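The entries follow in the order in which I looked them up.

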Amino acid sequence: MDPDLTQKSLSFNSARFLISASRLDECPPDFGAEVAFAGRSNAGKSSALNAITANGKLARTSKTPGRTRLINFFSLNRENCRMVDLPGYGYAKVSRDMKDDWQKHLGHYLNDRRCLRGLVLVMDIRHPLTDFDQMMVEWCEHNNLPLMILATKADKLKYGQAKTAMLGIAKNLKSYSCVEHLIMFSATSKRGVDECREALIEWLEGDAGEAGTTA
């Protein structure tokens, strides 16, 4: 292993597309540390990823939500540290069979990926805690997986409205110990980007000394 890669400060601007996978057996080797991003197809997940990495073209954005149907992996400048864009779910106008197929492979990744260090759940601050969001929170709680919630599109609300929405989300989630971070976020104004990066570094660098070993 290159010692320069293990000692280098983690930079999200370094994110580069690595590989796409439709099934667990197509994913990169299961070691190192990964953080995955999940969210309904219209929650602004791709825009959030692009804001965090300061790369407007990193994650695919579309006026037609739900176009991303694969698990997309992005490498960082620390060896075996990756960010993962999970397929959006619940909005796309596709067949029921295709939705079931997405859900099955998404479930395999979440249940069986040993190097997964935390999940970032992206939800629209104006429409938080949908059935999908609640399902992901409960899954993290059941599996003791750290959870960060990005309440996106905060720029669409007045600040007082956004604060009230955040208090409501926090109240509804207070019984869940898995929720480590709840961040008001806007990809447009960059609100919450630095806070999100700091939390991601905590998760990814927690295993920096073990990068390259089986998780």
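Entry 1. I listed the neighbours of T53, leaving out residues up to four places away in sequence, and found that T53 touches F12, N13, A15, L58, M83 and R197; contact means heavy atoms within 4.5 Å. The model is predicted, so local features need pLDDT of at least 70 and side-chain atom pairs count only at pLDDT 80 or more, while totals for chains, interfaces and linings use all residues. Residues are numbered from 1 along each chain as its sequence is written, and side-chain values use heavy atoms, with hydrogens and water left out.

Entry 2. I placed T53 in helix α2 (residues 45-53); helices are DSSP runs of H or I with at least four residues, strands are runs of E with at least two, and both are numbered from the N terminus. T53 is buried at a relative accessible area of 1%, where buried means under 20% (1.4 Å probe, protein chains only).

Entry 3. I then searched for aromatic pairs, taking rings of Phe, Tyr and Trp (its six-membered ring) with centres within 6.5 Å; planes over 60 degrees apart count as edge-to-face, under 30 as stacked and the rest as tilted. The count came to two aromatic pairs. Because F17 lies in strand β1 (residues 16-21) and F74 in strand β3 (residues 71-75), the pair ties together parts 57 residues apart in sequence. F74 is buried, at 2% relative accessibility.

Entry 4. The rings of F73 and Y109 are also edge-to-face, with centres 6.3 Å apart and planes at 70°. I noted that both F73 and Y109 are buried.

Conventions: Buried means under 20% relative accessible area, exposed over 50%, partly exposed in between (1.4 Å probe, protein chains only).
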